[in-house]
Amino acid sequence: MSNKPLQGIKIIDFTHVQAGPACTQLLAWFGADVIKVERPGSGDVTRSQLRDVPGADALYFTMLNSNKRSLTLDTKKAEGKAVLEKMIKESDVMVENFGPGALDRMGFTWEHIQSLNPGMILASVKGFSDGHHYEDLKVYENVAQCAGGAASTTGYWKGENSGPTISSAALGDSNTGMHLAIGILTAYIGRQKTGKGQKVAVSMQDAVLNLCRVKMRDQLRLDKIGYLEEYPQYPHEMDAFKDGVVPRGANAGGGGQPGWILKCKGWETDPNAYIYFTIQGHAWGPICDALGKPEWKDDPAYNTPQGRQPHIMEIFGFIEKFISDKTKYEAVDIFRKFDIPCAPVLSMKELLHDKSLRASGSIVEVPHKVRGSYFTVGSPIKFSDMKPEVTASPLLGEHTDDVLAELGYSADQIKVMHDANAV
Ligand code: CAO
């Protein structure tokens, strides 16, 4: 077996911004030949967005397009359409995340694609699913977080900054791309059995909702019993449940084990001097030992989740006092000895320089022809027989002539295409 399992799979990467590129980058890491098709002259808009090095591709682009090749092609021109048709005939997968209807307007309807290659897998990201009453809307990250239930359930329920809140994690973009990658591989395995391709679609709303599954669980519980016992509002602020809608729970743990973000030494000046602490039911004994409170082990006001919940914030307050003279690292070093699920709140700077992340390939440095080199987030998926190697993102049109030659075009034909600005 090749040490890159997706070697041999040819992917037309007709994607831009983040949702689509995150999907195809993942497949490229694992060995697929991903050819990014970009508009001549400008390419993916992220090449020039938020630039930190004048004249060089922005990190926004380089961090989402590693291990790919770039072909410039004007698919609205006849010559460009002909090239794309040839590519469709010879590829396994086409991935796109254009606005609703853009691919059809270009002339590449699903019917046309199937007629060119019945084995083709067409994978799409849209904001909303086909037939949805919002299917015509264009969607970016935060729009999806609002439409998929993340924003209404994130943030504080009261106070000056309360209100629906956006997560900085790309729940709408990269998350949708990851779902799409699973769909593509599933369709590919399906094709090995049937010989037939199929259309795979993931809407950003659905992908966000899928990650908000436990919040839907809470809505169903709320409908049935009228309150949510693990939310910080219970039992002191029962009004929070009065309208029958899942309230925002701030930093509360989302499952059966309550948790909270606790201040550590230095929080007054360091915005990230905090840990997350979880009270796992069966770990109550070790928690009492760690805190030097053995008397809590047998106290009914403390030794069951029901006993603790009415004064859970006081318990967290006690733990906060206990760690007030300890850094977040020292606090975690104490609690880890007692098997307590916890971690320091890590800043992007700390993560970038984290030795373990560097050693595991989760943060990698990649040489780049124009930038010199750049750091990026490597594959979060680890294999025993393969270490995904991250290579530079392509320059705009870097592989145009190579790809056209591989498709069988002669040097003269390629020159004609250049002269017509079709590539
Ligand atoms: N040659 C010629 N034309 C090209 C081309 C090429 N190589 N590549 C793209 N185009 C054209 C498209 O055909 C489309 O033309 P028409 O609108 O005339 O049919 C045009 O470029 C613009 O496409 P778009 O609607 O996708 O682009 P936009 O910048 O207006 O919208 C976005 C961007 C992201 C809002 C939209 O693409 C979208 O909603 N995508 C689906 C959801 C999604 O993936 N969003 C996440 C993006 S990551 O945050």
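Ligand first: I found a polar backbone atom of Gly-99 2.7 Å from an oxygen atom of the ligand. I count a polar contact when two N or O atoms are within 3.5 Å. The protein covers 84% of the 950 Å² of accessible area that the ligand has on its own (Shrake-Rupley method, 1.4 Å probe).

A note on the source: this is a predicted model, where local features need pLDDT of at least 70 and side-chain atom pairs count only at pLDDT 80 or more, while totals for chains, interfaces and linings use all residues. Residues are numbered from 1 along each chain as its sequence is written, and side-chain values use heavy atoms, with hydrogens and water left out.

Next I looked up side chains. Lys-76 has a side-chain N or O atom 2.7 Å from an oxygen atom of the ligand, and for His-16 a polar side-chain atom lies 3.0 Å from a ligand oxygen.

How many residues surround the ligand? I get 24, and Lys-76, Gly-99, Arg-105, Lys-138 and Val-139 are the closest (a heavy atom within 4 Å counts as near). By class, the shell has 10 nonpolar, 6 polar and 8 charged residues; Gly goes with the polar ones.

Searching the whole structure gave me 1 cavity of 30 Å³ or more (on a 1 Å grid over the protein atoms alone, points where a 1.4 Å probe fits but cannot get out; lining residues have an atom within 4 Å of a point). The largest cavity is about 50 Å³, and its lining includes Trp-260 and Phe-316.

How values were computed:
On a 1 Å grid over the protein atoms alone, a cavity is a set of points where a 1.4 Å probe fits but cannot get out, and a pocket is an open set with protein on both sides within 12 Å along at least five of seven lines; lining residues have an atom within 4 Å of a point. Grid points are joined across faces, edges and corners, and a volume is the space filled by probe spheres set on the points. A polar contact is a pair of N or O atoms within 3.5 Å; within protein, one must be able to donate a hydrogen and the other to accept it, and residues adjacent in sequence count only if both atoms are side-chain atoms.
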